[in-house]
Structure formats: structure tokens, C-alpha cells
Amino acid sequence: MAIEKVREYFRPFGMEDKILEFEVSSATVELAAQALHCEEQRIAKTMSFMVDDHAILIVTAGDAKVQNGKFKAEFSCKAKMLSFEEVEPLIGHAVGGVCPFGINEGVKVYLDESLKRFETVFPACGSGNSAIELTIPQLEQYSNFEKWVDVCKLPE
């Protein structure tokens, strides 16, 4: 199970007990915010894309939307999300639990600027009913991210 993979990933850091598991689904931004009793924008949603025949992850704020023009400027290609069927084999987690922790080797992680508005955010932990609260420096540390990117638009 992917949540166990994430638990193992966090064990060397002494963070495995910080993973929250819910009796209800947290598989969407809206459901995660309800389960956590927080604002939707503080949910760190992890989106999977194909860039140059490689799967990548972009972690964004829950209220952010990827903008094609910004994505193309950053990655030199059109934004192409992985299909539902591609996500688990390419990333290592199923849709609803995708996160930047305990992922398949070779998957690059990018953090979107939209997250920098918050002191802490809540990414999933490999299952559709899990999350962990992390500061932005902790998210940087544990996600092994490549770099910060600005590929999203925030609601007006």
C-alpha cells in the first residue's frame, strides 16, 4: 500500500507518526479541506504531467490552476496531465493519494510559487485518506524538489 511506502519514506526523519489518516476520503482538495477542517487553498495538491517522455510532479496550492502559457514557458512543452491509468505505474501512488514522498525513481518534483503564501500546507501521503502538515521548508526538504516554478494562476 502506498501509504506504507510513504511511512517508510518518513521513518528516517522521525516524521512517520505525523501522517494523519482519516475515516473519510481526502482524495480531492475539497474533501481534504473538510477532513482537515482547513481552507482549500492550504491543501498541497500534487499534479502529474508528462514532460519529454518523463513523468513529473508539480505541487500547488489547492486553489491554484495550472496555466498553459506559464507551463509552456517553464517546461518548453504543452501541459499534458497523466491519464488516470498512467499515474500509479509512473508515479508510484494512485490518483487521490499522489504526493511527492516515496515516489518512483526518476520522477522530478517541482513546487509552485502559489504555496509560498502559507506557513504550513497539507500534502497527501500516498492514499485517498491521508495527509501531513508541513512547513514550507519541510516540504522543500522532504519532497527532494528540483526547483520552485511559477506555472499557476490564483483565483481573483
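Predicted model: local features only at pLDDT ≥ 70, side-chain atom pairs only at ≥ 80, totals over all residues.

In general, the strands of a sheet pair through backbone hydrogen bonds, either parallel or antiparallel. The table lists pairings within this sheet.

| Strand pair | Bridges | Direction |
|---|---|---|
| β2 and β3 | 8 bridges | antiparallel |
| β3 and β5 | 4 bridges | parallel |
| β2 and β6 | 2 bridges | parallel |
| β6 and β8 | 2 bridges | antiparallel |

Individual residue pairs locate these pairings along the chain. On the side of β5, L57 stands opposite V109. The bridge partner of I43 in β6 is F122, while T120 stands opposite T135 in β8.

Are the faces of β6 covered or uncovered? Both are covered: T120 and F122 on one side are buried, as are V121 and P123 on the other. For β3, 7 of its 8 residues are buried, so this strand is largely enclosed by the rest of the structure.

Nonpolar side chains tend to be buried together in soluble globular proteins. The largest nonpolar core in this chain has 46 residues, of which F10, F71, F75, F101 and L115 touch the most other members. Elements that give two or more residues to this core are the helices α1 (2-10), α3 (68-75), α4 (84-91) and α5 (136-143), together with the strands β2 (43-51), β3 (54-61), β5 (108-112) and β9 (147-149). Which element provides the largest share? That element is β3, with 6 residues.

Leaving aside residues up to four places away in sequence, F75 touches V51, I56, I58, Y110, V149 and V151. A second, separate core has 10 residues, including V29, A32, A35 and A131.

## Two buried loop residues

C77 lies in the loop between α3 and α4. Where does its relative accessible area place C77, buried or exposed? The value is 16%, so C77 counts as buried, the cut-off being under 20%. With residues up to four places away in sequence excluded, C77 touches M50, V51, F71 and K72. Among these contacts, F71 also belongs to the group that touches the most other members of the largest core. The C-alpha atoms of C77 and T46 are separated by 19 Å, and these two residues are 31 residues apart along the chain.

S127 is placed in the loop between β6 (120-123) and β7 (130-131). With a relative accessible area of 8%, S127 is buried. Its side chain makes a polar contact of 2.9 Å with the side chain of N129. Another polar contact, also of 2.9 Å, joins the side chains of S127 and S130. Beyond residues up to four places away in sequence, S127 touches I3, G96 and G97.

## Overall dimensions

The secondary structure of the chain comes to 5 helices and 10 strands. Of its 156 residues, 52% count as buried. Residues 24 or more positions apart account for 63% of the contacts with a separation of 6 or more.

Along its principal axes, the C-alpha trace spans about 40 × 35 × 25 Å. How does the radius of gyration relate to that of a compact globule, and which value does the chain have? A compact globule of 156 residues would have a radius of gyration near 15 Å, and the 14 Å of the chain agrees with this.

Terms used
Residues numbered from 1 in each chain as written. Heavy atoms only, no water. Core = buried A, V, L, I, M, F, W, Y, C linked by side-chain atoms within 4.5 Å. Buried < 20%, exposed > 50% of the residue type's maximum accessible area, 1.4 Å probe, protein only. Contact = heavy atoms within 4.5 Å. Pairing = 2+ DSSP bridges. Polar contact = N/O pair within 3.5 Å; in protein donor to acceptor, adjacent residues only side chain to side chain. Rg over C-alpha atoms; globule rule 2.2 N^0.38 Å.
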